[in-house]
Amino acid sequence: MIEQGSQAEIVRQSLKKRYRKERRFRMYGRVAIAVALASLLLLFVDIIGKGYTGFIKTTITLDVTLDGEAMYLDDPTDKDQMSMADFQAPIIASLQGYFPQATERSDVRQLSRLVGSYAGNQIKDLLVDNPGLLGSTQTLEFLVHDTVSVYVKHAGDEAYSVRLSDQQKGWVDELVEKGVIDTGFNDVLFSRGDSREPTNAGILGAIMGSLLTMIVTLVIAFPVGVSAAVYLEEFAPQNRLTDFIEVNINNLAAVPSIIFGLLGLAMFIGLFGMPRSVPVVGGLVLALMTLPTIIISSRAAIKSVPPSIREAAMGMGASKMQVVLHHVVPLAMPGMMTGSIIGMAQALGETAPLLLIGMVAFIVEVPDGFFSSATVLPVQIYLWASSAEQGFIELASAGIMVLLAFMISMNALAIWLRKRLERRW
Amino acid sequence: MQTANLLPLVLVIAVVAYALAYTRSRSVAEPLGGIRNLKALPFYYAARAALWCAIPALILLGAWAAFEGKVIQNMVVSSLPAEVAPQSPGEASLIVSQISNVAEGKLDPTRVPEAVLGAADLLQNLRAESSNFKTTLVILIAVLGSAFAWTRVQPHINARENVERTLRWLFFACAAVAILTTVGIVLSVIFETVRFFGKVPITEFLFGTSWSPQTALRADQVGSDGAFGMIPLFTGTLLISAIALLVAVPVGLMSAIYLSEYASKRGRAIIKPLLEMLAGVPTVVYGFFAALTVAPFIAGVADMIGLNASVQSALAAGLVMGVMIIPFVSSLSDDVINAVPQNLRDGSLALGATQAETMKNVIFPAALPGIMGGIMLAASRAIGETMIVVMAAGLAANLTANPLDSVTTVTVQIVTLLTGDQEFDSAKTLAAFALGMMLFIVTLILNIIALHVVRKYREQYD
């Protein structure tokens with residue numbers, strides 16, 4: 001009895017310590033979850049903080065006199081003259097209207113660096129379309145130079161103004177005050193392809209490239225994946241070959257994506273002589289990569305169709321194929337579609353294999369077909385993120401936001417489909 | 001005609017074949033007293049006709065598209081006269097692109113040698129011929145197939161069985177794509193790797209401690225050989241993966257434990273999808289985050305406490321990669337912890353153990369093999385991860401264990417060696433495939449062991 005009592009005493013004494021341990025253990029769990037969620041939050045906050053300025057463009061509105069003499073141009077229909085003419089001159093003249101004291105060479109050079117390098121082309125295009133405008137005065141809106149744009153968007157932040165001289169800063173401040181330099185929604189971002197000039201670059205080319213690539217991926221991966229799942233669930237005999245197929249699918253699901261890039265490079269481009277950088281090859285590679293995901297989720301969907309459905313159909317005299325095609329597949333379709341959309345969202349964000357098959361080229365034109373050179377959204381983000389200009393970094397984060405928006409809506413669609421169409425048996 | 005136009009054309013012929021066979025089966029059935037006297041429904045006769053039309057034509061079209069370019073190219077190159085005939089594969093690819101640029105009008109014909117002009121003409125002719133031949137043949141086969149199926153619309157033939165058997169084979173072919181992909185991966189890395197080992201001895205590759213693949217343009221330049229020792233790359237990969245696992249394993253495991261043992265049902269329903277979002281974020285986004293936010297931050301902190309950190313430190317890449325693989329560890333561990341039978345849990349709690357003690361002494365040991373499997377899968381993920389390290393880790397192949405130093409990894413080198421224009425045959429390019437093969441083998445072994453462990457463990461309690 002005494003011994004039991006003392007044992008209870010020991011337990012009682014240790015209880016406090018054990019409860020403390022219990023609380024500590026529970027706290028570790030909370031901390032772990034907090035760390036994970038905090039990283040997620042930090043990631044989003046960081047990207048939005050870096051990238052919201054990518055959705056803003058900075059423009060400068062000037063009254064430009066299209067003075068033929070200053071441009072060394074007297075006939076806008078003459079191609080030789082047009083290629084030699086100085087279209088920058090009217091812009092500088094107009095700027096000098098605001099700053100009459102800026103007449104020295106170095107001043108002029110600094111002035112000309114306030115507007116984007118494509119501003120001259122804008123005047124040229126205008127004159128090509130309307131040769132009659134030569135000599136008239138037009139109010140035109142130009143994109144400012146990248147450095148000015150960054151400076152204006154981050155007004156007051158020292159870190160973003162290092163590439164402008166004090167004189168330029170003074171000019172810019174004055175022009176902003178007068179309302180000549182203004183900011184607005186960056187429609188350029190959604191209407192152009194890539195460019196060497198951050199203010200002039202857009203993601204439309206990359207979005208189209210992604211779209212074309214995804215179409216190829218979907219057209220190949222969905223039917224093949226669903227058929228493979230149907231075969232493995234409904235028809236495959238229990239033998240070595242079937243086992244081997246299953247082992248392969250499971251392994252392919254875990255093979256690093258870059259290996260699929262090597263496959264694409266050696267097989268599709270090297271062996272079959274397909275062109276580089278085109279959506280077809282990208283789509284093929286991504287289709288092979290997505291296939292295991294689609295097969296695995298489609299098999300789960302087929303498995304969840306209750307056997308009673310199959311038995312009832314068989315009982316009515318349907319053949320095995322009729323049972324599968326008329327009953328099992330339609331009932332499993334929502335699950336298959338959900339899995340496929342999730343797989344497609346993964347493929348949309350994939351970068352590494354596409355680098356290897358040459359979709360990293362600098363491409364200005366918006367791709368117009370499955371065989372035209374293209375890049376995709378994540379690769380475009382990678383390209384912009386690796387360049388030094390602040391303007392491109394902003395664009396990269398803006399691109400990330402667009403990419404994430406696409407992925408989130410695809411996943412939302414998948415969840416909606418599952419909620420809406422999936423039947424619980 | 002272009003493949004892109006032929007494809008719809010074949011489909012149109014298939015639809016026509018379907019319609020014709022459908023009407024014919026009905027008209028055949030008419031004198032017999034209705035379609036119930038046919039062996040199969042009209043649909044099956046029609047479907048068979050469409051299959052007979054489309055499948056052979058599509059196979060031919062696919063084969064043609066796959067090999068046309070290569071065959072024509074070889075014919076053109078072999079037609080070149082001896083004095084311009086390429087000596088090396090590098091020259092060959094140069095001359096081929098020259099020829100095709102002339103043929104497509106992208107290159108001024110006056111600026112290339114006579115022989116190239118001739119070859120360009122030949123190329124254009126061959127392309128036109130091949131295109132015509134392909135169009136004729138594909139249409140012919142499609143029509144012949146339909147015609148054959150049309151004649152076989154007879155009441156005593158069971159078209160349904162035919163169609164179903166064909167479909168079964170089609171389904172099987174789709175499942176076999178998984179095998180073909182694996183075979184394709186193995187073949188595409190093996191050939192180049194063997195050629196690589198012809199240029200660089202395998203022992204040097206496996207055990208060399210210096211990596212600098214910059215082969216010189218001229219043979220007499222300094223360092224013209226390049227060094228292809230993969231040890232620094234592998235240690236770099238392991239260093240970054242180890243950092244990633246150091247982050248992901250404790251965080252992932254503890255989250256899984258909390259979610260499965262402590263969290264309320266509602267909390268679980270909210271937190272789990274949020275954690276899973278971490279796995280859905282594209283890797284290029286993590287790379288951006290690592291390179292532009294975490295790396296400068298770490299360099300700044302290290303500078304403050306008097307350490308010298310590289311801007312492309314292994315630590316930054318590893319930390320961010322760790323965050324990326326948290327959901328892998330947590331969802332796999334969650335699965336195995338939930339698979340531990342409830343009676344083990346109840347037994348331990350009934351003996352007076354606290355929840356933490358139950359977890360540590362009963363459930364965790366029982367779930368350990370499964371958790372190990374999950375960690376191995378996560379490790380294979382980390383080793384094969386590309387974009388984070390391409391963007392945040394460096395290119396310098398340092399043999400170091402200092403996480404603040406810059407290291408490079410296998411995947412970074414594959415990307416660096418293979419992006420941009422390069423000859424298909426230099427040791428540099430081939431080295432990338434050899435690295436790819438190493439990567440494939442390592443991840444494959446990890447995956448096979450992990451899957452085996454997980455499956456064996458599941459069976460234990462099922």
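How many residues does the contact take from chain A and from chain B? In this predicted model, chain A gives 67 residues and chain B gives 73 residues.

**View 1. The side of chain A that touches chain B.** Helix 1 of chain A (residues 2–51) supplies the largest share of this side, 18 residues. Sorted by class, the side of chain A that touches chain B holds 47 nonpolar, 14 polar and 6 charged residues.

**View 2. An open sheet of 3 strands in chain A.** The strand order is 2-1-3, and the pairing is antiparallel. Strand 2 (137–143) and strand 3 (181–185) of chain A are the edge strands, each pairing on one side only. From one strand to the next, the twist averages 35°. Strand 1 (residues 56–65) of chain A is joined to strand 2 of chain A by 7 bridges. Across this antiparallel pair, A:I60 stands opposite A:F142 of strand 2.

**View 3. Helix 4 of chain A (residues 88–98) and its cover.** The buried residues of this helix are A:A89, A:P90, A:I91, A:I92, A:S94 and A:L95. Their cover includes strand 1 of chain A, together with helix 2 (68–71), helix 5 (105–112) and helix 6 (119–129) of chain A.

View 4. Leaving aside neighbours within four places in sequence, B:V320 is in contact with B:Y286, B:F289, B:A290, B:V294, B:I388 and B:A392.

**View 5. Helix 14 of chain B (residues 410–418).** Of the 9 residues in this helix, 8 are buried, so the helix is largely enclosed by the rest of the structure. The buried residues are B:V410, B:T411, B:V412, B:Q413, B:I414, B:V415, B:L417 and B:L418.

**View 6. Segments of chain A listed by UniProt as "transmembrane region".** The unreviewed UniProt entry lists residues 27–48, 203–232, 252–274, 280–302, 323–348 and 395–417 of chain A. Residues 27–48 of chain A are 100% helix and 0% strand, with end C-alpha atoms 31 Å apart. Residues 203–232 of chain A are 97% helix and 0% strand, and there the end C-alpha atoms are 41 Å apart.

**View 7. Segments of chain B under the UniProt feature "transmembrane region".** In the unreviewed UniProt entry, the feature is placed at several segments of chain B, including residues 238–259 and 430–454. Residues 238–259 of chain B are 100% helix and 0% strand, and their end C-alpha atoms are 30 Å apart. For residues 430–454 of chain B, the chain is again 100% helix and 0% strand, with 36 Å between the end C-alpha atoms.

**View 8. B:T166 in helix 5 of chain B (residues 159–199).** B:T166 counts as partly exposed because it has 15 C-beta neighbours inside 10 Å. The C-alpha atom of B:T166 is separated by 12 Å from that of B:A54, a residue 112 residues away along the chain.

Note on methods. Residues are numbered from 1 along each chain as its sequence is written. Chains are lettered from A and ligands numbered from 1 in the order in which they are written. This is a predicted model: local features need pLDDT of at least 70, side-chain atom pairs count only at pLDDT 80 or more; totals for chains, interfaces and linings use all residues. Two residues are in contact if their C-beta atoms, placed from the backbone, lie within 7 Å. Helices (H or I, at least four residues) and strands (E, at least two) are DSSP runs, numbered from the N terminus. Ala, Val, Leu, Ile, Met, Phe, Trp, Tyr, Cys and Pro count as nonpolar, Asp, Glu, Lys and Arg as charged, and the others, Gly among them, as polar. Two strands pair if DSSP finds at least two bridges between them. Axes are lines fitted to C-alpha atoms, for helices over the stretch in contact, and angles run from 0 to 180 degrees between N-to-C directions. UniProt positions are given in the numbering used here, feature names are shortened, and annotations may be inferred rather than shown by experiment. A residue is buried if 20 or more other C-beta atoms lie within 10 Å of its own, exposed if 12 or fewer, and partly exposed in between; C-beta atoms are placed from the backbone.
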